[in-house]
Amino acid sequence: MEKVIIEAKNLVKTYGEGEGLMYALNNVSINVYEHDFLVILGGSGSGKSTFLNMIGAIDKVDSGEILVNGDDIVKYNDKQLTLYRRNTVGFVYQFFNLINDITVYQNVVLAPGSRDKEKALALLDRVGLKDKKDKFPRQLSGGQQQRVAIARALNKQSDILLCDEPTGALDDASGKAVLKLIEDIHNEGKTIVLVTHTREIAGMANRIITMKDGQVIKEEFNDHVIKAEEVVW
Ligand SMILES: Nc1ncnc2c1ncn2[C@@H]1O[C@H](COP(=O)(O)OP(=O)(O)OP(=O)(O)O)[C@@H](O)[C@H]1O
Ligand SMILES: [Mg+2]
């Protein structure tokens, strides 16, 4: 049995109050195992991003526990949360979230927890963008910007990569290139949690969890993992 690295238990997150109260997460429990490629599937509004933001410590739950390597991050103070975001999780977003007024290279080298110039350049080389290092994000295509965001996420020591609809804003070819990178990163030993509403992408995962209306409605194990290049959507 693989080691559990994230154990989310009974997570509740509500928005609004009174008649407007809604449960973005309604008692969600999900385990992430070491070296998992976990895909969380679900339609718009099902709670996928909310869940990812909770385990990434971008937002706070109303109640529940999030044990990461045995430590409950829900109880962390601000300083501990900053360290957690810096050292434990990398994030890749649908709309890249690059800093627009600094260069591609600066976006990567300024990743929290790293100032290693050689590593930043090596990562840009790896995502095929070394020649764009002095460009600004707006001078790059969406697919290129997402590859910069992946280089930035990899420029941390973290073992876990959280991806929120990483191909959502990309065309097929760019999306595939991004999926291929994520596949390689997984094969090198990182744990991947990827949120998407695209069923075909879930074929790359060894585990698939489906959410609906803030709840987990299905958990599957995938015995026929496909390669990024085989994903059709
Ligand atoms: N800041 C917020 N204020 C109020 N409601 C919110 C907020 N963030 C999320 N919600 C609500 O919580 C529910 C879950 O949202 P979430 O973003 O997690 O969905 P999702 O599964 O990621 O959807 P999508 O596929 O469209 O990204 C939605 O109904 C959404 O409207
Ligand atoms: Mg979302």
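These legends walk through several close-up views of the predicted model.

A word on conventions comes before the views. Local features in this predicted model need pLDDT of at least 70, side-chain atom pairs count only at pLDDT 80 or more, and totals for chains, interfaces and linings use all residues. Residues are numbered from 1 along each chain as its sequence is written, while chains are lettered from A and ligands numbered from 1 in the order in which they are written.

View 1. Helices (H or I, at least four residues) and strands (E, at least two) are DSSP runs, numbered from the N terminus. The C-alpha trace spans about 50 × 40 × 40 Å along its principal axes. For 233 residues, a compact globule would have a radius of gyration near 17 Å, and the chain agrees with its 17 Å; this radius is taken over C-alpha atoms, and the globule rule is 2.2 Å times the number of residues to the power 0.38. Buried residues account for 42% of the 233. Here a residue is buried if 20 or more other C-beta atoms lie within 10 Å of its own, exposed if 12 or fewer, and partly exposed in between, with C-beta atoms placed from the backbone. Two residues are in contact if their C-beta atoms, placed in that way, lie within 7 Å. Of the contacts between residues at least 6 apart in sequence, 71% join residues at least 24 apart.

**View 2. Helix H1, residues 48–55.** Seven of its eight residues are buried, so H1 is largely enclosed by the rest of the structure. The buried set is Lys48, Ser49, Thr50, Phe51, Leu52, Met54 and Ile55. After H1 comes alanine 57, with a positive phi near 60°.

**View 3. Helices H5 (residues 142–154) and H6 (residues 172–187) packed together.** Their axes are 9 Å apart, at an angle of about 15°; axes are lines fitted to C-alpha atoms, for helices over the stretch in contact, and angles run from 0 to 180 degrees between N-to-C directions. The pair is therefore roughly parallel, a label for angles under 35 degrees, with over 145 counting as roughly antiparallel, 65 to 115 as roughly perpendicular and the rest as oblique. From H5, Gly142, Gly143, Gln146, Arg147, Ile150 and Leu154 meet Ser174, Ala177, Val178, Leu181 and Ile185 of H6. By class, this contact has six nonpolar, four polar and one charged residues. Ala, Val, Leu, Ile, Met, Phe, Trp, Tyr, Cys and Pro count as nonpolar, Asp, Glu, Lys and Arg as charged, and the others, Gly among them, as polar.

**View 4. Histidine 186, in helix H6.** Histidine 186 counts as buried because it has 21 C-beta neighbours inside 10 Å. Leaving aside neighbours within four places in sequence, histidine 186 is in contact with Phe37 and Ile192.

View 5. With 22 other C-beta atoms within 10 Å, phenylalanine 96 is buried. Glutamate 165 is buried, with 20 other C-beta atoms within 10 Å.

**View 6. Isoleucine 226, in the segment after strand E10 (215–221).** Isoleucine 226 is partly exposed, having 16 other C-beta atoms within 10 Å. Beyond its neighbours within four places in sequence, isoleucine 226 is in contact with Gly203, Met204 and Val231.
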